[in-house]
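Subject: Structure for your review

Dear colleague,

Please find below the structure that I promised to hand over. My notes on what was found in it follow directly after.

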Amino acid sequence: MFELDVRSRKPIYEQLTDKVKEMILHGILQTDEQLPSVRTLSQQLTVNPNTIQKAYRELEREGYIYSLQGKGSFVAPMKKEQNAIKKAEVRNELLRLMAEAVYLGFTAAEISSLYQQVEKQREGGKSDD
């Protein structure tokens, strides 16, 4: 379900939060679907349970999941105001990255190609990388 790169410079909890977000945004994890327990996931990934707990806490803080005492963690429904706030954050980040890409010499065609790759991935295809 989750693959982590132990050689990456990115912390494991960040890799896990990014992977869960990606799965939620791509519809792989549905609203109110239960996530694996901290203990189960830590055993599957051979990662310290505190690392999993930190990732889950971060996801809950950001509104992607919610926890029920004694029952586990579940995918949170996206509220309209949360969605609008998140879209604004992503838009600002995209503008910053696009400005950097233009500065580095990316053409409009190259940027468009990247967008097409994302669309293919979202529809279930694989990227050309």
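In which helix do arginine 96 and glutamate 93 both lie, and how many residues apart are they? Both belong to helix H4, which covers residues 80-103, and they are 3 residues apart, about one turn of the helix. Please note before reading further that this is a predicted model.

**Salt bridges**

Arginine 96 and glutamate 93 form a salt bridge, and their closest N and O atoms are 2.7 Å apart. Arginine 96 is partly exposed, at 43% relative accessibility, and glutamate 93 is also partly exposed, at 37%.

A search of the whole structure finds 7 salt bridges. Another of them joins lysine 19 to glutamate 22, with 3.9 Å between the closest N and O atoms. These two residues both lie in helix H1, where they are 3 residues apart, about one turn of the helix. Lysine 19 has a relative accessible area of 26% and is therefore partly exposed. Glutamate 22, at 39% relative accessibility, also counts as partly exposed.

Aspartate 18 forms a salt bridge with lysine 10, and here the closest N and O atoms are 2.2 Å apart. Aspartate 18 is partly exposed, with a relative accessible area of 30%, and lysine 10 is partly exposed as well, with 35%. Finally, a network of salt bridges links Lys21, Glu58, Arg61 and Glu62.

Helix H2 runs over residues 38-45, and its buried residues are Val38, Leu41, Ser42 and Leu45. Why do they lie on the same side of H2? They cover an arc of only 100° around the axis, and therefore they share one side of the helix. On the other side of H2, the residues Arg39, Gln43 and Gln44 are exposed.

What covers the buried residues of H2? The covering parts include helix H1 (12-25) and helix H3 (49-61). Just after H2 comes threonine 46, which takes a positive phi of about 50°.

In soluble globular proteins, nonpolar side chains tend to be buried together. The largest nonpolar core of this model has 18 residues, and those that touch the most other members are Leu16, Ile52 and Tyr56. The elements that give two or more residues to this core are H1, H2 and H3.

Leaving aside residues up to four places away in sequence, leucine 16 touches Phe2, Leu4, Leu41, Leu45, Ile52 and Ala55.

**Proline 11**

Where is proline 11 found? This residue is in the segment before H1. Proline 11 is partly exposed, with a relative accessible area of 35%. Proline 11 and threonine 51 are 40 residues apart in sequence, while in space the distance between them is 9.4 Å, C-alpha to C-alpha.

The core residues Leu16, Ile52 and Tyr56 could then be viewed together.

With kind regards

Definitions and conventions:
Residues numbered from 1 in each chain as written. Predicted model: local features only at pLDDT ≥ 70, side-chain atom pairs only at ≥ 80, totals over all residues. Heavy atoms only, no water. Buried < 20%, exposed > 50% of the residue type's maximum accessible area, 1.4 Å probe, protein only. Helix = DSSP H or I, 4+ residues; strand = E, 2+ residues; numbered from the N terminus. Arc of directions from axis to C-beta. Contact = heavy atoms within 4.5 Å. Core = buried A, V, L, I, M, F, W, Y, C linked by side-chain atoms within 4.5 Å. Salt bridge = Lys/Arg side-chain N within 4 Å of Asp/Glu carboxyl O.
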